[in-house]
Number of protein chains: 2
Amino acid sequence: MTFTTKATIASFGGKLYKLSHHSTTTTTPMAVNLYLPPQALSPTNPQRVPLLVYLSGLTCSPENCSEKGFLQARASQLGLAILYPDTSPRGLDLPGEAESWDFGLAAGFYVDATQAPWDRGYKMESYVARELLDAVFGDAELGARLDRARGVAVAGHSMGGHGALTLYLRHPGLFASVSAFAPIANPVACPWGQKAFRGYLGDDPEAWKEHDATELVRRWKGGDLKALVDVGLADGFYKQGQLLPENLEKAAKEAGVQGLTVRYHEDYDHSYYFVSTFAADHVDHAAKHLGLL
Amino acid sequence: MTFTTKATIASFGGKLYKLSHHSTTTTTPMAVNLYLPPQALSPTNPQRVPLLVYLSGLTCSPENCSEKGFLQARASQLGLAILYPDTSPRGLDLPGEAESWDFGLAAGFYVDATQAPWDRGYKMESYVARELLDAVFGDAELGARLDRARGVAVAGHSMGGHGALTLYLRHPGLFASVSAFAPIANPVACPWGQKAFRGYLGDDPEAWKEHDATELVRRWKGGDLKALVDVGLADGFYKQGQLLPENLEKAAKEAGVQGLTVRYHEDYDHSYYFVSTFAADHVDHAAKHLGLL
């Protein structure tokens with residue numbers, strides 16, 4: 001099989017596979033977790049299930065949301081698989097790679113870097129949207145439990161919310177729906193995004209706009225978005241102006257783009273306490289667009 | 001108020017309070033988390049809610065199960081508060097306290113130590129069953145959201161499952177029900193329990209039996225147990241003979257004690273993936289005996 005299985009863990013009637021594979025895109029081994037719901041694993045009547053790709057935020061590995069996000073609880077009821085990719089290559093040992101918590105290791109921002117030395121392996125957009133999806137669906141054992149024709153949805157948190165929105169907007173037709181928890185919704189206009197984009201993409205802000213959900217929505221020609229965004233009003237990063245979901249809403253409105261729902265929740269912060277609380281809504285959102293609900 | 005609030009975090013419509021207080025029993029500051037469900041916090045129609053005490057296992061703090069246990073999801077629907085105590089005193093700086101992961105720090109075993117130097121503050125039974133419960137219910141702000149008369153249930157995982165069972169059996173009437181995930185059910189007969197009991201209670205095995213669920217059940221005169229136990233068959237500690245739930249079942253049967261349900265689950269391990277999967281069942285078990293279901 002394409003993947004090495006490091007562990008198989010029972011969770012909500014299904015199984016979480018902790019996997020590793022060699023990526024030709026990042027040139028490194030990549031860790032990834034895959035949750036298969038009980039419907040896919042029935043010994044008597046297994047069903048091929050659709051897939052939700054969940055992109056994690058800064059500092060995270062595939063483990064964080066697998067352990068704390070509780071997407072599995074609802075996905076197991078509906079028959080939805082979940083794929084948790086890592087947030088950057090690991091092991092390239094590039095100079096400065098581990099110096100910042102918001103750039104380099106665990107901070108790949110789901111872009112293909114064009115600037116040295118990051119262009120050596122920081123290609124997280126191509127890794128997730130092409131290589132990883134192809135590897136998972138093509139895997140003789142795990143892929144046989146999935147049905148690409150039933151569709152793939154994408155979701156994410158914070159930097160991963162940015163990743164989910166931009167991958168959805170940049171690859172029309174690849175994903176049936178998108179949802180985001182506290183996404184970095186206008187990275188060209190916030191410190192996190194500016195730092196990351198300057199490092200990975202260089203100094204030209206025009207190049208940055210190609211990876212900014214708010215900018216991409218302005219020129220969206222793909223019809224109604226299938227997009228759900230949740231933001232907590234006690235989220236310190238929201239209050240600092242790192243997320244800017246209002247800019248995304250405004251851009252969609254000005255461009256006449258329908259189908260974006262943004263919800264603001266009093267008292268909720270940026271943590272997995274927030275993600276887990278609304279996890280079932282995001283699974284339901286994906287399930288609706290994948291024909292499971 | 002009795003407690004210092006370190007953080008207040010929205011979770012499943014309610015709030016998780018990260019608290020600290022000075023314990024006269026342990027002679028140290030003690031961290032504790034309290035989850036209040038939305039019913040207790042309604043601005044227009046607040047209800048005083050009953051309480052589930054959740055005792056964590058080896059190496060854990062109040063954070064682990066708050067983040068990974070998923071009990072809040074179901075407790076928020078039913079109107080149940082959850083109290084997550086710590087697993088030992090911290091800060092005594094006793095010789096050897098941090099040498100083992102299964103003794104000393106984060107391994108208090110919910111007993112009152114009689115052996116030096118542990119008798120200086122390792123009094124986790126008295127701390128949980130007396131001081132902490134009194135402090136929480138007596139707190140002017142948080143206690144006013146709770147209703148002790150509606151009852152208190154206890155649950156726990158691994159070492160905390162041992163704690164839940166033994167506190168329930170040693171304090172008849174204190175708890176309305178008990179449940180345990182993968183409990184150390186017969187500690188006098190397993191390496192974890194023997195090490196801990198020798199250290200905290202001395203060399204006399206008769207003293208150990210006072211804190212062993214299997215031994216206590218033999219002489220139980222409190223009527224039907226209200227006890228639910230879940231064990232995963234892929235749990236490495238179960239397979240090593242650290243848990244021994246069969247011994248508890250056998251002792252209850254031989255003593256003619258009814259009301260103990262032990263369930264064995266294929267493929268499940270010892271982790272929070274196991275706890276979270278069955279968390280709703282344990283909340284429902286408590287809720288039933290607290291009159292919420």
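Trainee: Which residue of chain B does Glu67(A) form a salt bridge with?
Mentor: The partner is Lys68(B). Their closest N and O atoms are 3.2 Å apart, and a salt bridge here needs the nitrogen within 4 Å of the carboxyl oxygen. Keep in mind that this is a predicted model.

Trainee: How many salt bridges are found across the interface of chain B and chain A?
Mentor: The rule finds 4.

Trainee: Which elements give two or more residues to chain B's side?
Mentor: They are the strands β1 (4-11) and β2 (14-22) and the helices α2 (62-68) and α11 (272-289), all of chain B. The element that gives the most is α2(B), with 4 residues.

Trainee: How much area do the chains bury between them?
Mentor: About 1800 Å², with 61% of it on carbon and sulfur atoms. On chain B, Ala10(B), Glu67(B) and Tyr273(B) supply 36% of the area that chain buries against chain A, more than any other three residues.

Trainee: And how many residues does each chain put into the contact?
Mentor: Chain B gives 21 residues and chain A gives 21 residues.

Trainee: Change of topic. What is the strand order in the sheet of chain A?
Mentor: The order is β1-β2-β3-β5-β4-β6-β7-β8-β9, in an open sheet of 9 strands with mixed pairing. At the edges are β1 (4-11) and β9 (260-265) of chain A, each pairing on one side only. On average, neighbouring strands are turned by 15° against each other, direction ignored.

Trainee: Do β1(A) and β2(A) run parallel or antiparallel?
Mentor: Antiparallel, joined by 7 bridges. As one example, Ala7(A) has Lys18(A) as its bridge partner in β2(A).

Trainee: Which strands does helix α3 of chain A touch?
Mentor: Helix α3 (residues 71-78) packs on the sheet and touches β1, β3 (29-36), β4 (51-55) and β5 (81-85) of chain A. The helix direction makes about 145° with that of β5(A).

Trainee: What about α5 of chain A, which strands does that helix lie across?
Mentor: Helix α5 (residues 159-170) lies across β4, β6 (152-157), β7 (178-181) and β8 (227-232) of chain A. Relative to β6(A), α5(A) runs at about 150°.

Key
Residues numbered from 1 in each chain as written. Chains lettered and ligands numbered in written order. Predicted model: local features only at pLDDT ≥ 70, side-chain atom pairs only at ≥ 80, totals over all residues. Heavy atoms only, no water. Contact = heavy atoms within 4.5 Å. Buried area = accessible area lost by both parts, 1.4 Å probe. Salt bridge = Lys/Arg side-chain N within 4 Å of Asp/Glu carboxyl O. Pairing = 2+ DSSP bridges. Axes fitted to C-alpha atoms, helices over the stretch in contact; angles between N-to-C directions.
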